[in-house]
Amino acid sequence: MIVRRRWTAAATTAILISAALSHPGTATAAPVADTAPITLAATETALVRVRLRDQAQLDRLVASGVDLANRPRARDGRIIADLVLTGAQLADLTARGATATQVVQRAGDGSRHFADSVRAARARTAAGLGAPAAGQRTTAAVGVDTLAVQQAYWWTTGGQTFLQAQVATTATDDPDVEITVSWRTADGVTGSFPLYRFEDSGEYQYHYNVPQSVPSRPVQLTATSSLGGVSRAVTPTLWPNATPPPLPAGYQKDFIDAYLTPVDIQARIKRLARQYRDLVDVIDLPNKTQGYRRNAVAYLGDPAVAAVVVESVRFGDQGLNGVQVRTVDPGRPNRPLAVGYRDRVLTVTLATDAAGKTVSTTDDVAAAVNARQANRFRATVEDGSTGLPMPVAGPARLDDGLQGTEVPAKPWTVQALRLGVHRDGSRIGVLAYSQEHAREWATPLVTLEFAERMLANARTDPATRELLEQVDVFVIPTVNPDGANYSFNDYNFQRKNLVNHCEGPARDPKYRTSWGVDVNRNYTVGSYFDGYVGASANCLSGNYAGTAELSEAESGNVIALAKAHPNIRFAMNVHSYGGYFMWPPGAYRADGRITLPRPSIDESTLFLDSARRIVGAIAQERGTVTWPSQTGPVADVLYSAAGNSADQLYYELGIFAWDFEVGNDRWNPATGEWEGVGFQPPFDEAHGESQEYAGGLVELVRVARDHAAAEAATG
């Protein structure tokens, strides 16, 4: 019997960029046994790692717009995916043959972890503490098919050695081909493991598996297929085989001691500018965001029976929160439908017939409000209430539903830090920006830790001072402050900004956690509007592209900064969670899987060689190693992400642009599984991510310096 080892990416509706990376020896989650089913309360929301029944189940989920938090993987012939689900959705999946293997994070965990981080910071203050990477590509025509070993890499971290392989077969149209890798270590120990078929946009790419634990350094690897193909033996290569210069004695780091809201970040930017006047400029970016604001809304009537959704035209904080709306019976026959607004009360007087019975429908009421109070209110019939008799109801109070009492309710000025001795455009520039996606709380910790390291050590470390002499550094800690404020205060899984472009029934407040635009799908190159896949026109989708390219203030700010400073030649977009290290092209058209143009050979070499250096720097902190299979162009190692910022920076502005995915899967030796950490892990984990990836950003500055020096040397 042939068992299929296959996973297919449904790229046309991929949800978001995040994935997984190695971090062995630090697992904290208890092993999950298949005999102890994981369940959630029906209305509870959580990020859950699920073993799906089959490919068809994944395809149905993606087509329905499920919030998919990473690229699914194959494991023992089953598909593993991280999904944001309610308890009811998980129960339905379980009933259809899926199995939950790990609750990565629950809704509300972020608030607890944020509070824990603040308490820890206060205690500390009180204590006085402050394209798939190129491997050996060989072929051997043996049997029916020919095999090419595309990757064969090994590394050791935390006392454990791992091996990862990627192999392609010429039998690309046969979904039942099995490929097995056999390995031998230097001391003669042998073993094997299966690879699984990976397709993207309906096209075969290769066979692969997650990194496998081996007893020691492997010195030989061979692949065989079920059709008889055999590769020649290759020697696995050490990954990433790059080490940054050692840190000098007294090097200062560890400036992050709590999760930071946008209000906290704003205060820290102000403090850094005051503390390092000779090295810092603060740039107010040109496009103010909407701010932490929403329209005030109420149900007029009972949604379970019959209701109209009434919404203020202006934001709730502009005097509309608390306005009341009601329907009344005039108590007389043959009265027309009337609408009036007085003393902050919107009154709808229902029409009556000759017998004095009210006869207005929900549609009548909504139309009357829209016609007679269009400057103040808009109304829509609640789903399931169309054409029903409108009851006498209310008064109901309009409210914007926002819970963040300490967040300023006004348009937000996004700020960037500019660091350097020569902040005049005369030096090569590097841009680091983070939190395009609101729920990725650890990402601004990375960019701020990086900024503080550069500034503090410029005073005491000659090497750091030299970097700031030679490189002009720009940092946007939070691109999407409105969404981040909503994530911290209202719904921790919020991904998008707060701008609600929905119309009609989609404005129903039951969808409030699905409103907004995916900032990293709103750029101009390879966009949804140009026919590329990986974004959506559905305003409730997690990867909604907006009404047009650069329709949002947040995306416009990133591009405005880059255009205003043409010396910026390198950029890093920091996301979570996962462990991918990626660069353009990041999008393709579905028909034929036609990607944006590939970089030249020289530029591809620069991307990969720089990635090795930066991955090596990340690993110095606590042994985290980005998998080679997850290092490469976005479109190859993740999925198509139409309209992402790195593509616009690279193709339009000529900037070498990368993407981090911080927050690494952790190896659990007890279960032999890689376990996810989520968007808002306990602060100790987020702190670790900030430290290791800040080191990666420092190495990016060195990469830029060396590139500028090489260009100068060649004229």
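Strand β28 (residues 581-583) and strand β32 are joined by two bridges and run antiparallel. Strands here are DSSP runs of E, at least two residues long, numbered from the N terminus, and two of them count as paired if DSSP finds at least two bridges between them. Within this pairing, Met582 sits opposite Asp659 of β32. The model is a predicted one, in which local features need pLDDT of at least 70 and side-chain atom pairs count only at pLDDT 80 or more, while totals for chains, interfaces and linings use all residues. Residues are numbered from 1 along each chain as its sequence is written, and side-chain values use heavy atoms, with hydrogens and water left out.

β32 also has a parallel partner: eight bridges tie it to strand β27 (residues 568-578). One of the residue pairs here is Gly578 with Asn664 of β32. As for cover, β32 spans residues 656-664, and nine of its nine residues are buried, meaning under 20% relative accessible area (1.4 Å probe, protein chains only; over 50% would be exposed, and anything in between partly exposed).

Ten of its twelve residues are buried, so β8 is largely enclosed by the rest of the structure. Ten bridges link β8 to strand β9 (residues 160-169), and the two run antiparallel; Ala152 has Ala165 of β9 as its bridge partner. The β8-β9 hairpin has two residues between the strands, and Gly158 takes a positive phi near 60 degrees there. β8 pairs with strand β15 (residues 237-238) as well, this time parallel and through two bridges, with Trp154 opposite Leu238 of β15.

Conventions: Helices (H or I, at least four residues) and strands (E, at least two) are DSSP runs, numbered from the N terminus.
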